Amino acid sequence: NHPHVAIVGATGAVGVEMLLCLEQRNFPLSKLKLLASARSAGKKMTFRGEEITVEELTHDSFGDVDIALFSAGGGISLEYGPSAAAAGAVVIDNSSAFRMDADVPLVVPEINPEAAKNRPRGIIANPNCTTIISLMALAPLHAAFGLRSIIASTYQAVSGSGAQGIVELEEQMKAIASDQPFTPKIYPRQIAFNVIPQVDAFTDNGYTKEELKMLNEGRKIMDLPELRVSCTCVRVPVYRSHSVSITAQFERPVDVAAARAAYEGRPGVNVVDDPSAKLFPVPLDTTGKDDCLVGRIRKNLVFDNALDLWVVGDQVRKGAALNAVQIAEIL
Ligand code: A2P
């Protein structure tokens, strides 16, 4: 008997992609329920050639649901996630609401699939998008050399802010092209033709919440409680796919050829790294694709046992929807 699956936030940027991933991967399900706010109730969406009517999310939505994929923001997850779990569904939550809960596993299927088995609250958390993409590049190197610390700068696409991030970039570009005034709404500064060194809210130590996710979630997923991470997260005027520039220090001596070889046979990540042929990954290469791409691998000139690298991945897909659907596949 195939499971009954629900998507909470089905009309959002990640929800739509979840539907697409279930379809493209031929996910074995008996029924798909699409849930969103009252605003979207009655709207029709197509799945495997059939129309499904979006329903309003309520506490009674989960009676016959086996797997509930949540992507409607942290507030909705906190309010409705426990109801879904109490009704017997396994919740796979894309928000940050439960990620650091000791009783909630935080899973990247290529890295720590076994963690998904132990879920006392009936909830499994999907990690932060930038963290997933960075760790897809770092996990094979950890296996080869033993990861000790990460220094990273991110180049994050506007679709990471949901559908409204895309609208804001589009509107600003149009306004600028036609000499019209505009006021930034969701970003603190103009995002068109600019970059903004703030993603998520600032905390007391000067880092943003997004920057601390890489530290805290990275430690939990990799099971490396001593891992040191310092990160600067930057929003860039790219529609889709995040890029991350990483300096990683290791326990053991590193070697570029061995680093490239560490990715061989690893699912979900490929090396695109041939400087002589000007080959390196860019965000447009991974948009709409499953695999993360790694390039610019070189020995760091400052630290011992350290590598510099560049990783790019579709954050709506591997960074969110695909990772959640892969977790459902483990179940
Ligand atoms: P809706 O389209 O009805 O507002 P995004 O991340 O792209 O902004 O999408 C957010 C998703 O979360 C949308 O599917 C949105 O539905 C859904 N959502 C927002 N608020 C609620 C709510 N109060 N109840 C249920 N779903 C919600």
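Predicted model: local features only at pLDDT ≥ 70, side-chain atom pairs only at ≥ 80, totals over all residues.
**Pockets, salt bridges and cysteines**

Two or more lining residues are given by each of the helices α1 (13–24), α4 (163–177), α5 (209–222) and α8 (317–330). Of the elements, α5 supplies the largest share of this lining, with six residues. By residue class, the lining of the largest pocket divides into 14 nonpolar, 22 polar and seven charged residues. Both domains take part: domain 1 (4–126 + 321–330) and domain 2 (130–315) each contribute at least three residues to the lining.

The second largest pocket has a volume of about 200 Å³. It is lined by 13 residues, and Ala-36, Ser-37, Arg-39, Ala-72 and Ile-76 lie nearest its centre. The lining of the second largest pocket consists of seven nonpolar, four polar and two charged residues.

In total, 16 salt bridges are present in the structure. Asp-64 takes part in a salt bridge with Lys-31, at an N to O distance of 4.0 Å. Asp-64 lies in the loop between β5 (55–56) and β6 (67–70), whereas Lys-31 belongs to strand β2 (residues 31–36), so this contact ties together parts that are 33 residues apart in sequence. Asp-64 is partly exposed, at 41% relative accessible area, and Lys-31 is also partly exposed, at 43%.

A salt bridge also joins the side chains of Asp-64 and Lys-33, with an N to O distance of 3.9 Å. This pair links distant parts of the chain, with Lys-33 in strand β2 and Asp-64 in the loop between β5 and β6, 31 residues apart. Lys-33 is buried, with a relative accessibility of 11%. Asp-64 thus meets Lys-31 and Lys-33, of which Lys-31 is partly exposed and Lys-33 is buried.

The side chains of Asp-101 and Arg-121 form a salt bridge as well, with 2.5 Å from N to O. Both residues lie in the loop between β7 (90–93) and β8 (123–125), and the pair therefore ties together parts that are 20 residues apart in sequence. Asp-101 is partly exposed, with a relative accessibility of 22%. Arg-121 is likewise partly exposed, at 34%.

Salt bridges also form a network, which links Glu-17, Arg-25, Arg-240, Asp-290, Asp-314, Arg-317 and Glu-329.

The count of disulfides is zero, with a cut-off of 2.5 Å between cysteine sulfur atoms. For Cys-21, the closest cysteine sulfur is that of Cys-292, at 13 Å, which is too far for a bond. Cys-21 is buried, with a relative accessible area of 0%. For Cys-233, the closest cysteine sulfur is that of Cys-231; the separation is 3.9 Å, and this pair is therefore also too far apart for a bond. Cys-233 is buried, at 1% relative accessible area.

Key
Residues numbered from 1 in each chain as written. Heavy atoms only, no water. Helix = DSSP H or I, 4+ residues; strand = E, 2+ residues; numbered from the N terminus. Buried < 20%, exposed > 50% of the residue type's maximum accessible area, 1.4 Å probe, protein only. Nonpolar A, V, L, I, M, F, W, Y, C, P; charged D, E, K, R; others polar. Domains from an automatic or database assignment. 1 Å grid on protein atoms, 1.4 Å probe; cavity = no way out; pocket = protein on both sides within 12 Å on 5 of 7 lines; lining within 4 Å. Points joined across faces, edges and corners; volume = space filled by probe spheres on them.
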